[in-house]
Amino acid sequence: MAGFDLYFIYQTGLIENLNTLEEGLAKLNPEAGGYLWLDYYAPSEDNLALLVKPLGIHYLTLEDCLDDYQIPKIDEHETYVHILLNTFLYSNKKVIINEANLILGENFLITVTKAGINNPDFTRKYKALIEKEMRNAKLGSAYAMQIILDYLVDRKFTVIEAVGDDLANLEDTMSENHNAFDHALLQGTRHSLMTLRKSLFHEREILVKICRNDIDIIPDKVIIHYNDIYDHLTKFFELTEIYREMVTNLIQTNLAMLNNDIAIAANNTNYSVRRLTLITTIFMPLTLITGIGGMSEWSMMTGPENWKITYPVFLGIMVLIGLVNYFILKWLERKD
């Protein structure tokens with residue numbers, strides 16, 4: 001369900017729920033202190049259009065908040081900075097990407113996420129998070145954005161860890177029972193890691209710009225907190241690189257095992273052909289002899305009355321020829 005929550009966070013640490021944007025804008029004065037926080041979930045274009053005039057949000061920023069399949073980025077404008085970050089969900093062995101947008105001004109913070117379409121309570125966790133970290137959140141909107149960014153980045157580890165566990169299971173399957181190995185599942189894991197790496201690479205660049213003090217609207221004193229987020233992103237990026245190397249190794253190992261299976265099958269075929277060739281070579285002369293000198297011809301040559309002697313002699317000659325052929329073939333094999 002689409003909608004938004006509106007809060008005003010005072011320097012004393014008090015967080016006040018507001019009903020209308022006009023009520024929040026009225027509190028934006030130097031005497032009151034604090035800042036305005038608008039938390040949108042699954043917003044429509046009309047919801048976000050209300051921010052253009054009072055807060056000076058460019059329409060391209062709002063377009064980015066509604067557009068799908070964008071890469072993480074940071075855009076600095078005259079009065080605010082816009083950060084687009086990815087959130088990950090791992091379902092059915094597949095990484096699902098959602099987008100979280102954070103718009104930071106000197107005295108306001110806007111959080112926009114479309115995850116509410118599938119999970120309306122997702123962004124509601126931001127309030128509990130801010131209340132828990134109110135010691136820092138009350139210091140300014142840049143601190144609040146850091147708290148939310150840290151939360152979003154830390155959630156990525158659950159997905160990265162799940163992908164790593166699946167990869168470890170594939171490795172165990174390959175080692176224990178190669179025939180049960182699912183190559184399609186490995187390719188799916190490879191695609192998930194490529195998706196994670198692409199997102200983490202661009203998100204790390206966002207934090208690099210912030211930590212270098214390239215973003216004027218973020219005070220110097222809060223940069224140290226963003227350094228911690230950068231360290232986490234760097235660690236996650238390195239993990240994906242390690243897992244990608246594991247995928248490459250598994251693909252190569254699987255290919256080697258398939259080649260080995262093919263070689264074994266070829267050797268078995270060659271061995272069967274050798275045995276058939278041996279049998280054929282031994283019995284071919286015997287077949288020739290029996291074809292030329294059949295039983296009737298042999299009887300006529302030796303006399304029908306002598307069959308009790310001549311037939312055993314004939315059979316003996318055939319056995320002798322077979323044995324000679326067998327030993328000749330064995331000698332030729334040893335010679336080779």
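Residues are numbered from 1 along each chain as its sequence is written, and side-chain values use heavy atoms, with hydrogens and water left out. Because the model is predicted, local features need pLDDT of at least 70 and side-chain atom pairs count only at pLDDT 80 or more, whereas totals for chains, interfaces and linings use all residues.

Salt bridges are considered at the outset. Side chains of opposite charge can pair when their charged atoms come close. With a salt bridge defined as a side-chain nitrogen of Lys or Arg within 4 Å of a carboxyl oxygen of Asp or Glu, the count comes to eight salt bridges. One of them joins the side chains of Asp 166 and Lys 93, with an N to O distance of 3.0 Å. This pair links distant parts of the chain, as Asp 166 belongs to helix 7 and Lys 93 to the loop between strand 5 (80-91) and strand 6 (94-105), 73 residues apart. Helices (H or I, at least four residues) and strands (E, at least two) are DSSP runs, numbered from the N terminus. Exposure is classed by relative accessible area: buried means under 20%, exposed over 50%, and partly exposed in between (1.4 Å probe, protein chains only). Asp 166 is buried because its relative accessible area is 12%, and Lys 93 is partly exposed because its value is 42%.

The side chains of Asp 75 and Lys 73 also meet in a salt bridge, at 3.3 Å from N to O. Asp 75 has 25% relative accessibility and therefore counts as partly exposed; Lys 73, with a relative accessible area of 22%, is likewise partly exposed.

Most residues other than glycine have a negative phi, and most peptide bonds are trans. In this loop, which holds Asn 92, phi of Asn 92 is near 55°, a positive value in a residue other than glycine. Phi of Lys 93 is positive as well, near 65°. Asn 92 counts as exposed because its relative accessibility is 74%.

Aromatic rings provide another set of contacts. Rings of Phe, Tyr and Trp (its six-membered ring) are paired if their centres lie within 6.5 Å, and planes under 30 degrees apart count as stacked, over 60 as edge-to-face and the rest as tilted. By this rule there are six aromatic pairs. Phe 157 and Phe 236 form a stacked pair, because their ring centres are 5.7 Å apart and their planes stand at 25°. Phe 157 lies in helix 7 (residues 141-176) and Phe 236 in helix 9 (residues 223-292), so the pair ties together parts that are 79 residues apart in sequence.

The charged end of Lys 156 lies over the ring of Phe 88, 4.0 Å from its centre. Likewise, the charged end of Arg 204 is placed over the ring of Phe 237, 4.3 Å from the centre of that ring.

Tyr 10 is located in the loop between strand 1 (3-9) and strand 2 (15-18). This residue counts as buried because its relative accessibility is 17%. A polar contact of 2.7 Å joins its side chain to that of Glu 16; such a contact is a pair of N or O atoms within 3.5 Å, and within protein one must be able to donate a hydrogen and the other to accept it, with residues adjacent in sequence counting only if both atoms are side-chain atoms. The C-alpha atoms of Tyr 10 and Pro 219, 209 residues apart along the chain, are separated by 18 Å.

Finally, a nonpolar patch on the surface is formed by Leu 320, Val 324, Ile 328, Trp 331 and Leu 332, with about 470 Å² of accessible area together. Patches are made of residues with over 30% relative accessible area and no salt bridge, like charges being joined within 9 Å and nonpolar side chains (Val, Leu, Ile, Met, Phe, Trp, Tyr) within 5 Å. Accessible areas come from the Shrake-Rupley method with a 1.4 Å probe, and for residues only the protein chains shown count as cover. Trp 331 is found in helix 11 (residues 307-335) and counts as partly exposed, at 47% relative accessibility.

Note on methods. A charge sits over a ring if NZ of Lys or CZ of Arg is within 6 Å of the ring centre and within 35 degrees of the ring normal.
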